[in-house]
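Good morning, and thank you for coming. Please have the sequence and the structure in view while I speak.

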Amino acid sequence: MTHALADRRPIRDATGSHAPLRRAWFGLIVLTLINLFNYLDRFVVAALGESLRTSELHLSDAQFGKLASVFILVYMVAAPVIGARADRASRPRLLALGVAIWSIATALGGLATSYGSLLAARATVGIGEAAYGTIAPALLADYFPPRLRGRAFAIFFLATPVGSALGYVVGGLVDHRYGWRHAFYVAGLPGLVLALLALRLADPPRGSQDESAAAPLAHRGFDVYRVLARIRQYRLTVLGYAAYTFALGGIAIWMPTFLERVRGVAHGQASVQLGEVLVVTGLLGTFAGGWVGDWLLPRTRQAYLWVSGVATLAAAPLAWIALVSPDRSVYWPALIAAEVLIFVSTGPVNSAIVSEVPATARASAMALCIFTIHVLGDVPSPWLIGRISDATSLARAVLMIPAAVVVAGIVWLWAAGRPTVGRGE
């Protein structure tokens, strides 16, 4: 993938001089590894659904769905607090603290003696991950200039499907051999090494890679969120992202259980197969989305939104087929194609967000985005699908997923087609 960021124009350092790519690459590698373990920690619980249901904790479907919802709830509430702080403080230090917190909390899930203690451990994971979610994209935007940003974000977000897949695979295999408690230990403890690496990251001035220096916003603290919410393109991008996240939350938590319970895939095998599919589709879709977005950027300022909208809308009918067809030869190819198209938007939509706001408020912008997409997205979706499943059937409940994908694609295409007036509108 080295050639993906090849460019004859050098990257500027914090002083404005032309420096080698070494510091930017080191930052990209460390942040990508953190992203990988972030999703491994986050998705390991999805592979343990049936084991937790039949364990001494005796979780219902609604309780299992609430494990994901409470994590996201804490994550989204903590994000605005950390985001406002990160735009004024040392970003590497805050990031390292967050990684350490979520790693320890993940491991503590293995010591749970009741549903309440497991719920508390998963909630604490959300505090740690809020630091990563707000700070990492803002740092990347200051490591790489706009012409390379889509591809840099694509590489960073390649860790999302790989980490998610590892969460499924590690969770499924360790659970099958040693039990669900050990799956939490294996997923959590390695993150402490990444917390130490985060302390070595550079913290360049905000906006140092943008074409013109960005003036700091006049508003301080939480007032910055009111200013950001007035930016129309940012607002629409985030609303589309919320619908997209609603769908992803349902897929992430319920797909292994859906394959086992509804399609009859053997316990443990569903997680491993999903992990394998996730790696391939994620690598293809995420890398393609970043490359196409950067290629279209000289042709239209809304390139990232066009790519995200078209790909996501195309994924919707394939996702519906994958969930309604009982034929293995139909639902697996449909699921694979849908996931490739869904992952296409991962890099472009995040690149769009950091490009739509002032450079001095990017951590705050990501924090507000995190809050919105989760309060409207994957906080309600796992729990809501679980409640509908308890009342009717899981096969019926998961049909909410393709409906949400349609909404995301429509909103992004609408945003792409609207003229951009400016960042302060």
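Let me begin with a term. A residue is called buried when its relative accessible area is under 20%, and exposed when that area is over 50%. Please also keep in mind that the model before you is a predicted one.

Our opening example is Ala 311, which is found in helix H12, residues 303–324. Its relative accessible area is 8%, and therefore Ala 311 is buried. Leaving aside neighbours within four places in sequence, Ala 311 is in contact with Leu 341 and Val 344. Between Ala 311 and Gly 285 there are 9.5 Å in space, C-alpha to C-alpha, and the two are 26 residues apart in sequence.

Next, consider residues in loops. Most residues other than glycine have a negative phi. His 58, although not a glycine, has a positive phi of about 50°.

Val 44 also has its place in a loop, the one between H1 and helix H2 (49–54). With 0% relative accessibility, Val 44 counts as buried. Which residues does Val 44 touch, not counting those up to four places away in sequence? They are Gly 167, Gly 171, Ala 183, Phe 184 and Ala 187. Consider Gly 171 in particular: Val 44 and Gly 171 are 127 residues apart in sequence, yet their C-alpha atoms are 4.9 Å apart in space.

A further loop residue is Val 379, which lies between helix H15 (362–378) and helix H16 (380–391). Val 379 is buried, since its relative accessible area is 15%. If we leave aside neighbours within four places in sequence, Val 379 is in contact with Ser 69, Ile 72, Leu 73, Met 76 and His 374. The C-alpha atoms of Val 379 and Leu 40 are separated by 19 Å, and these residues are 339 apart along the chain.

I turn now to the helices. Helix H4 covers residues 91–108, which makes 18 residues. At 1.5 Å a residue H4 should span 26 Å, and its end C-alpha atoms are 26 Å apart, so the two values agree. Among the buried residues of H4 are Arg 91, Leu 95, Trp 102 and Thr 106. Against which helices do the buried residues of H4 pack? They pack against helix H1 (22–43), H3, H5, helix H7 (180–188) and helix H8 (191–198).

Two of those partners, H3 and H5, also meet one another. Two packed helices are described by the angle between their axes and the distance between the axes. For helix H3 (residues 61–86) and helix H5 (residues 115–143), the axes come within 6 Å and cross at roughly 35°. The crossing of H3 past H5 is right-handed. Their contact comprises 18 nonpolar, 5 polar and 3 charged residues.

In soluble globular proteins, nonpolar side chains tend to be buried together. The largest nonpolar core here has 132 residues, and the members touching the most others are Leu 52, Leu 95, Leu 228 and Tyr 234. Helix H10 (residues 232–261) supplies the largest share of this core, 16 residues. Not counting residues up to four places away in sequence, Tyr 234 touches Leu 228, Ile 353, Glu 356, Val 357, Ala 365, Leu 368 and Cys 369.

Thank you for your attention.

Note on methods: Residues are numbered from 1 along each chain as its sequence is written. This is a predicted model: local features need pLDDT of at least 70, side-chain atom pairs count only at pLDDT 80 or more; totals for chains, interfaces and linings use all residues. Side-chain values use heavy atoms; hydrogens and water are left out. A nonpolar core is a set of buried Ala, Val, Leu, Ile, Met, Phe, Trp, Tyr and Cys residues joined through side-chain atoms within 4.5 Å. Buried means under 20% relative accessible area, exposed over 50%, partly exposed in between (1.4 Å probe, protein chains only). Helices (H or I, at least four residues) and strands (E, at least two) are DSSP runs, numbered from the N terminus. Contact means heavy atoms within 4.5 Å. Axes are lines fitted to C-alpha atoms, for helices over the stretch in contact, and angles run from 0 to 180 degrees between N-to-C directions. A crossing is left-handed if the near helix is turned anticlockwise from the far one by less than a right angle, and right-handed if clockwise. Ala, Val, Leu, Ile, Met, Phe, Trp, Tyr, Cys and Pro count as nonpolar, Asp, Glu, Lys and Arg as charged, and the others, Gly among them, as polar. The expected span of a helix is 1.5 Å times one less than its number of residues.
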